[in-house]
Amino acid sequence: MPTIHAMAETAPILEARNVSLRFGGVRALTEVSFAIRQGEVFSIIGPNGAGKTSMVNCISGRYRPTEGGIWFDGSEITRVPVRRRAALGIGRTFQNLALFGHMSVLDNIMVGRHHLLRRGFLPGMVWWLGGAQREEIAHRREVEEIIDFLEIQHVRKAPAGTLSYGLRKRVELARAVALRPKLILLDEPMAGMNLEEKEDMARFILDLNEEWGMTVLMIEHDMGVVMDISHRVMVLDFGRKIAEGAPDAVLADPHVKRAYLGEADEVVRDVDEPVTA
Amino acid sequence: MATLTPAGDFRTSYRADMTIFPTRGSRLALWLGLALVAAAPLALGRYELGLLINIGIMGIAALGLNILVGFTGQISIGHAAFFGFGAFASAYAHEAWHIPVALCIPLAGIATALIGLVFGAPAARLKGLYLAIATLAAQFILEDFFARAQWFTGGVAGRITEPFALFGWVADREESFLYVVLAWIILMYLGAANLLRTRDGRALIAVRDHYLSAEMMGINLAYYRTLSFGIASFYAGIAGALYAHYLLFVSVEAFNILFSIQFLGMVIIGGLGSVMGSLMGAAFMVLLPEVVQAGADALAGGAIDRALKLGASISFLREMAVGAAIILFLIFEPDGLAHRWRLIKAYWKLYPFSH
């Protein structure tokens, strides 16, 4: 059972302050604030359409919050373009697989090294001169470490599009890990997996957190896994935060129970009111 | 799909695992092929050598288009205009500034790449049909420029060019120019193969396969879409310059939209996203009319010839054969000759246990 006492005082690596996101009249997120501490496994749960993926998209830069801001590692990233966030130390996997289907598994993971590689197209085209070969070999070594860790050695040369679902999920994780992120965002890493694959994935996530020192933000529907491996859990419902805290405490929260069982709740009651903006 | 390395061929270093030609058989085929082409002037006539040179020149241009269309997933129907720009640029640089032809060719490539970057700017934001129309505009703007800029192209009269010369060796005949094209082919194909096993090549494919996650990996979409256009134009410029110094005459009307579509045909027939496929597609497109011609000649005087007047309609037949080939490939082998070649190799490797 993970402990959080040691890091209770550590500074937050990610902080969302009053984040709201609106698409026209649809309020995807309403004034959500939370902080993820360095070295934590933090899960976001909630019913379908609660705004979990929207929140992750705000952090990864896909969406820009309508109001509020996001701070990462001490600086504001609300308006930083998506492509710069890899270098800052944010990696993510997608809910619906987003691998480069025609590339080999190896190349997919090497794309994760993009922001760490220095040789562009000119040194690249003259492979032997200009150090491109040397650089590729050095990074290949690190990528092979990740391949060993995630146990995908046997498919490293296979085109990613031909793999089974569980393997693709693992390759996607490998690609995100190859970025060497400080914070890794996992959008439903266990969706559609069988029990054994889920256990493997849970082990990988714990190892990433404990041995590789990555802070993990995870969206997951499997309550058993969430309660087992998370240090803290945040619950969203209709785009509002309704609870946050240790897994057991959150599970016992009456708002959460109502959100999942579908009863009326005063916290989310005002979603029916028209948007004034 | 398993990778088809022979049993017992174990890679013991990452370096050995990254080679372009992975097996001994493929390396042997490479050297044998190069030796055969190098020895071709001993055995072939000028006409056949001319065909080889054409395959080489078209192969370079097709490879450029394949990097853009096949690897980056963008589209261009103005490739012939860039090809033409390279041809005129090289001819003009030699005549106006007396730069040696050997230097004019790479300079023409760079100049064309710059022009390509200007016209490729919309490629940073556009995709698919919209980009197709934007490149169509490039085709017509450049064609119009060729027709009006007499100082650059010689106008409708065309422009005479000088043969390739290096340290007193003049490549003014098929027998000698073949080696110039061969050298450029090797350079350009190695360059592309190397590009694709390094950072920027992977980024191009990532942009094609899944641009959202490519962006998340830190890839600048606009940069790579534009870069791909620049590289494609560079290849077209080099090929155009070689073409100019091979024919020793460039005229405006050659670089029309039909020629652009032929390049697209080469890339589709050869195989989108395959380096060697570009050369196969170019060879197919250059040789197809010859085969049609040979077929018509063989039937000459017979009943079919008299009924259909093959001799009189040969030019239509050639065009129709090209169109039919593209349609048939799209239906039966959309991955092109390169894919078919892989299947044939796998068949022999696994024979008689094909499953």
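Which residues does Ala61(B) touch, not counting residues up to four places away in sequence? Good morning, colleagues. The model on the screen is a predicted one, and I shall begin with that residue.

Setting aside residues up to four places away in sequence, Ala61(B) touches His79(B), Phe83(B), Tyr235(B), Ala236(B), Ala239(B) and Phe263(B). Two of these names return at once: the largest nonpolar core has 175 residues, and Ala61(B) and Tyr235(B) touch the most other members of it. Helix α11 of chain B, residues 221-247, gives 15 residues to this core, the most of any contributor. The core also draws on chain A, with at least three residues from each of domain 1 (1-89 + 181-277) and domain 2 (99-180) of that chain.

Let me stay with α11(B) and turn to its packing against helix α8 of chain B, residues 174-196. The axes of α8(B) and α11(B) come within 11 Å and cross at roughly 175°. An angle over 145 degrees counts as roughly antiparallel, and the two helices, α8(B) and α11(B), are therefore roughly antiparallel to each other. On the α8(B) side, the residues that meet the partner helix are Phe177(B), Val181(B), Trp184(B) and Met188(B); on the α11(B) side, they are Tyr235(B), Ile238(B), Leu242(B) and Tyr246(B). By class, the contact of α8(B) with α11(B) consists of eight nonpolar residues, with no polar and no charged ones.

I now take two further residues of chain B. Ala80(B) lies in helix α4 of chain B, residues 79-97. Is Ala80(B) buried or exposed? Ala80(B) counts as buried, because 27 C-beta neighbours lie inside 10 Å, and the threshold for that class is 20 or more. Beyond four places in sequence, Ala80(B) touches Phe255(B), Asn256(B), Phe259(B), Ser260(B) and Phe263(B). Ala80(B) and Gln139(B) are 59 residues apart in sequence, yet their C-alpha atoms are 7.5 Å apart in space.

Leu264(B) belongs to helix α12 of chain B, residues 257-270. Leu264(B) has 19 other C-beta atoms within 10 Å, so this residue is partly exposed. Apart from neighbours within four places in sequence, Leu264(B) is in contact with Leu65(B) and Ile77(B). Between Leu264(B) and Gly78(B) there are 9.8 Å from C-alpha to C-alpha, at a separation of 186 residues in sequence.

Next, chain A and its domains. The assignment gives domain 1 (1-89 + 181-277) and domain 2 (99-180). The centres of these two domains of chain A, taken over C-alpha atoms, are separated by 28 Å. Their contact takes 10 residues from domain 1 and 10 residues from domain 2. On the domain 1 side, α2 and α7 (195-210) of chain A each supply at least two residues, and α7(A) provides the largest share, three residues. The domain 1 side divides into eight nonpolar residues, one polar and one charged.

Finally, the interface between the chains. How many residues does the contact take from chain A and from chain B? It takes 37 residues from chain A and 29 residues from chain B. On the side of chain A that touches chain B, α2 (82-88), α3 (105-111), α4 (121-125) and α5 (132-149) each supply at least two residues. The largest share of that side, five residues, comes from α5(A). By class, the chain A side comprises 20 nonpolar, nine polar and eight charged residues.

Thank you for your attention.

Methods
Residues numbered from 1 in each chain as written. Chains lettered and ligands numbered in written order. Predicted model: local features only at pLDDT ≥ 70, side-chain atom pairs only at ≥ 80, totals over all residues. Contact = placed C-beta atoms within 7 Å. Helix = DSSP H or I, 4+ residues; strand = E, 2+ residues; numbered from the N terminus. Nonpolar A, V, L, I, M, F, W, Y, C, P; charged D, E, K, R; others polar. Buried ≥ 20, exposed ≤ 12 C-beta atoms within 10 Å, placed from the backbone. Core = buried A, V, L, I, M, F, W, Y, C linked by C-beta atoms within 7 Å. Domains from an automatic or database assignment. Axes fitted to C-alpha atoms, helices over the stretch in contact; angles between N-to-C directions. Parallel < 35°, antiparallel > 145°, perpendicular 65-115°, else oblique.
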